Amino acid sequence: MSGPGMRPSAVLFACGMNSVRSPMAEALTAKLFPGQVYVRSAGVRSGKVDPFVDAVMAEIGVDMGKHVPKTFEDLDESGFDLVVTLAPEAHHKALDMTRTEAVDVEYWPTLDPTLATGSREQILDEYRAVRDQLMMRIKKRLDWTPPPSG
């Protein structure tokens, strides 16, 4: 079980449609903790791949080409130590699904960048802000340390 100072070994990120926030968080965690943390993402409803996500993740060297949005019901695994929800509806669903399991469920309120308006660059800035906020939270929560240089 994950307690204070303990890194969970299996994490599920969840949001509304598994198109933007949760796949970003999944990919960031995989990038920061390669081979150390088993990570998946899901949504309450099934969404579509978002090209803005692909664009802002590519900026930091993360290829989202293999991501296929999936729902909680599509997950073929369980036994996560930690479920991080990024939208209120996902939080309710995660609490409902895990009420009989010993699993930590944390809610990280995260803006939905799909609501952004303006030029392509202004919209991308909203997506970058979400990406960077998730990166910061993941590093802090999972106790990330930079790899030794050399």
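**Entry 1. Glu59 and its partner**

I looked up Glu59 and found a relative accessibility of 43%, so Glu59 counts as partly exposed, since that class lies between 20% and 50%. I note here that the model is predicted. The side chain of Glu59 meets that of Arg131 in a salt bridge, with 3.0 Å from N to O. I then checked where the two residues sit: Glu59 belongs to the loop between helix 2 (51-58) and strand 3, and Arg131 belongs to helix 4 (residues 120-141), so the pair ties together parts that are 72 residues apart in sequence. Arg131 has a relative accessible area of 7% and is therefore buried, the limit being under 20%.

**Entry 2. Further salt bridges**

Which residues do salt bridges with shared partners join into one network? I listed Glu59, Glu121, Asp125, Arg128, Arg131 and Asp132.

I next turned to Glu106, which forms a salt bridge with Arg141; their closest N and O atoms are 2.7 Å apart. This pair, too, links distant parts of the chain, with Glu106 in strand 4 and Arg141 in helix 4, 35 residues apart. Glu106 is partly exposed because its relative accessibility is 21%. For the structure as a whole I noted ten salt bridges.

In what order do the four strands of the open sheet lie? I read the order as 2-1-3-4, with parallel pairing. Strand 2 (38-43) and strand 4 are the edge strands, each pairing on one side only. Direction ignored, neighbouring strands of this sheet are turned by 20° against each other on average. As background, I note that strands of a sheet pair through backbone hydrogen bonds, either parallel or antiparallel.

I examined strand 3 (residues 82-85) residue by residue. Leu82 and Val84 point one way, while Val83 and Thr85 point the other way. Are these residues buried or exposed? I found all of them buried.

On one pairing, four bridges join strand 3 to strand 1 (residues 10-15), and the two run parallel. Within this pairing, Leu82 is the bridge partner of Val11, and Ala14 stands opposite Thr85. Four bridges also join strand 3 to strand 4 (residues 104-107), again in parallel. There I found Asp104 opposite Leu82.

**Entry 3. Helices against the sheet**

I traced the chain through strand 3, helix 3 (residues 88-98) and strand 4, which make a right-handed β-α-β unit. Helix 3 packs on the sheet and touches strand 1, strand 3 and strand 4; its direction makes about 170° with that of strand 4. Helix 1 lies across strand 1 and strand 2, and runs at about 175° to strand 2.

What does the side chain of Thr29 reach at 2.8 Å? I identified the backbone oxygen of Ala25. Leaving aside neighbours within four places in sequence, I found Thr29 in contact with Phe13, Val37, Val39, Ile138 and Leu142.

Conventions:
Residues are numbered from 1 along each chain as its sequence is written. This is a predicted model: local features need pLDDT of at least 70, side-chain atom pairs count only at pLDDT 80 or more; totals for chains, interfaces and linings use all residues. Side-chain values use heavy atoms; hydrogens and water are left out. Buried means under 20% relative accessible area, exposed over 50%, partly exposed in between (1.4 Å probe, protein chains only). Two strands pair if DSSP finds at least two bridges between them. A crossover is right-handed if, with the strands pointing away from the viewer, the path from the first strand over the helix to the second runs clockwise. A salt bridge is a side-chain nitrogen of Lys or Arg within 4 Å of a carboxyl oxygen of Asp or Glu. A polar contact is a pair of N or O atoms within 3.5 Å; within protein, one must be able to donate a hydrogen and the other to accept it, and residues adjacent in sequence count only if both atoms are side-chain atoms. Contact means heavy atoms within 4.5 Å. Axes are lines fitted to C-alpha atoms, for helices over the stretch in contact, and angles run from 0 to 180 degrees between N-to-C directions.
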